[in-house]
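Work through the exercises below with the sequence and the model side by side. Try each task before reading its solution.

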Amino acid sequence: MKPFEEFISRAKGAVDVIGEKAGQLVDVSKLNLKLIELKSELKSEFEGLGRMVYECSEENITENQKITTQIQLIKQLNKEIENLKKQIAFAKNKVLCKSCGHHNDMDSSYCAKCGGSLKTDTKSEKEAVEDDFAEFDD
Ligand SMILES: [Zn+2]
């Protein structure tokens, strides 16, 4: 396994552990993780595009459908990354309901969708999360 992929799979494991404990934290973490994946994908698609352009110049091809398709793919990825950044900004200011997953305003005490309590002992949860991260710090 390549170091980067190993990092992703380890980080995913960490997120799953936290998921059972802290609703809001896990949501932002998962979005951030997705953002890392998309940025990595974008990087490799750009590399692919570079290779295609090079191959075309070698073969004296001026127009290539593959290049056009690749550029569309990169544009799509950029859009997804922008959307994800917006979602992360949104999720950071919201409290995720543990029962139904609904995003509530930061100062809400009860879920607007299912009525479940959103009150948590944030201090102890923060400590629990840090403990979980410490396990991956080897
Ligand atoms: Zn709810």
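## Exercise 1: Met106

Met106 counts as exposed because it has 10 C-beta neighbours inside 10 Å. The model is predicted: local features need pLDDT of at least 70, side-chain atom pairs count only at pLDDT 80 or more, and totals for chains, interfaces and linings use all residues. Residues are numbered from 1 along each chain as its sequence is written.

Task: place Met106 in the fold and list its contacts beyond four places in sequence.

Solution. 
- Step 1. Find the element. Met106 sits in the loop between β2 (103–105) and α4 (122–135). Helices (H or I, at least four residues) and strands (E, at least two) are DSSP runs, numbered from the N terminus.
- Step 2. List the contacts. Two residues are in contact if their C-beta atoms, placed from the backbone, lie within 7 Å. With neighbours within four places set aside, Met106 contacts Asn93, Lys94 and Val95.
- Step 3. Check a distance. Leu96 is ten residues from Met106 in sequence, and their C-alpha atoms are 9.1 Å apart.

## Exercise 2: Ser117

Task: is Ser117 buried or exposed, and what does it contact?

Solution. 
- Step 1. Ser117 is in the loop between β2 and α4.
- Step 2. It has 12 other C-beta atoms within 10 Å, so Ser117 is exposed.
- Step 3. Outside four places in sequence, Ser117 contacts Ser109 and Tyr110.
- Step 4. Lys98 is 19 residues from Ser117 along the chain, with 8.8 Å between their C-alpha atoms.

## Exercise 3: The whole chain

Task: describe the chain, then say where its confidence is lowest.

Solution. 
- Step 1. Count elements. There are four helices and two strands. Their order along the sequence is α-α-α-β-β-α.
- Step 2. Take the totals. Of the 138 residues, 6% are buried. Among contacts with a separation of 6 or more, 46% join residues 24 or more positions apart.
- Step 3. Read the confidence. pLDDT is the predictor's confidence in each residue, from 0 to 100. The chain averages 77, and 64% of the residues score at least 70. Confidence is highest in helix α3 (residues 65–92), at a mean of 92, and lowest in α4, at 48.
- Step 4. pLDDT stays under 50 over residues 15–21, where the model has 14 contacts beyond four places in sequence. It also stays under 50 over residues 122–131, with eight such contacts. Where pLDDT is low, the predicted coordinates should not be read in detail.

Key: Buried ≥ 20, exposed ≤ 12 C-beta atoms within 10 Å, placed from the backbone.
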